[in-house]
Amino acid sequence: AGFLFTPAGYGRFCRAWKATVLRHGSRRFTHFHMTDLYAGKREYAGITIPERVEILDNAIAAVGKHIYASIGVQFDQQEFEEVTPAEWPKYFGSIYTAACQMCIQATAYGLKEWGSSEKIHYTFEDGHKFRAQASSLMDGISKDAAAKKAFRYRGHSFEDKRDTLGLQAADLFAWNIVKVSQR
């Protein structure tokens, strides 16, 4: 899950996020993490539910006012493993890599449909156990002229979510996708 921002929109988003999500009254948070906010854990320990709701509302507002689009995919892992052949990972990679492929395909398709000529710098959360597969996928795209054009590729990086505000916002989106799919 993630969001597309124009460069100017991302700057405005970052300012709003820092002012309204990473600050609450006299409190300052090092980063946003939806699971912790929901549970009142770690940095959000001792913060009342109404205060946490306000932080969540501020996060939604900061994203909603400044994004260009949102892109997300969700798989039921058990179903995915039941329907894919046993040799799937050998040839196509993990479910994580399949999700990355679908997200970049949806991004390129959406931009084309919306008449946008923007090129994308894809940013992924660092530290996932299948990071190497996703990196290999993106490196392959970066080396192929047709793929670069098709996927609107400008670059990619893997970053620490604690340091990257857009990834913190993506965490909010991903958390909600998972919760909705569990219903």
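Helix α7 (residues 131–142) is built from 12 residues and reaches 16 Å from its first C-alpha to its last, close to the 16 Å expected at 1.5 Å a residue, where the expected span is 1.5 Å times one less than the number of residues. The model is predicted, so local features need pLDDT of at least 70 and side-chain atom pairs count only at pLDDT 80 or more, while totals for chains, interfaces and linings use all residues. Residues are numbered from 1 along each chain as its sequence is written, and side-chain values use heavy atoms, with hydrogens and water left out. Helices (H or I, at least four residues) and strands (E, at least two) are DSSP runs numbered from the N terminus.

**Helix α7**

- The buried residues of α7 are A134, S135, L137, M138 and I141, with buried meaning under 20% relative accessible area, exposed over 50% and partly exposed in between (1.4 Å probe, protein chains only).
- An α-helix has 3.6 residues a turn, so residues three or four places apart point the same way.
- The buried residues of α7 pack against α6, β5 (120–125), α8 (145–150) and β6 (153–159), contact being taken as heavy atoms within 4.5 Å.

- The 14 residues of helix α1 (residues 7–20) should span 20 Å at 1.5 Å a residue, and the end C-alpha atoms of α1 are 20 Å apart, which agrees.
- In α1 the buried residues are G9, F13, C14 and W17, and seen down the axis of α1 they fall within an arc of 140°, so they line one face of the helix.
- The cover over the buried residues of α1 includes α3 (49–66) and α9 (165–181).
- Helices α1 and α9 pack at an angle of about 75° with their axes 10 Å apart, which makes α1 roughly perpendicular to α9.
- Axes here are lines fitted to C-alpha atoms, for helices over the stretch in contact, and angles run from 0 to 180 degrees between N-to-C directions; those under 35 degrees count as roughly parallel, over 145 as roughly antiparallel, 65 to 115 as roughly perpendicular and the rest as oblique.
- In this contact, Y10, F13, C14, W17 and K18 of α1 meet L165, G166, Q168 and A169 of α9.

**Helix α9**

- Helix α9 has 17 residues and reaches 25 Å from its first C-alpha to its last, close to the 24 Å expected at 1.5 Å a residue.
- The buried residues of α9 include L165, G166, Q168 and A169, along with W175 and I177.
- What covers the buried residues of α9 includes β1 (2–4), α1, α2, α3, β5 and β6.

**C103 in helix α6**

- C103 is found in helix α6 (residues 95–113) and counts as buried at 16% relative accessibility.
- Leaving aside its neighbours within four places in sequence, C103 is in contact with A1, I71, G72 and V73.

**Two loop residues with positive phi**

- Most residues other than glycine have a negative phi.
- R42, in the loop between α2 (34–39) and α3, has a phi near 50°, and at 66% relative accessibility R42 counts as exposed.
- R152, in the loop between α8 and β6, has a phi near 55°, but R152 is buried, with a relative accessible area of 16%.

Note on methods. The arc is that of the directions from the helix axis to the C-beta atoms.
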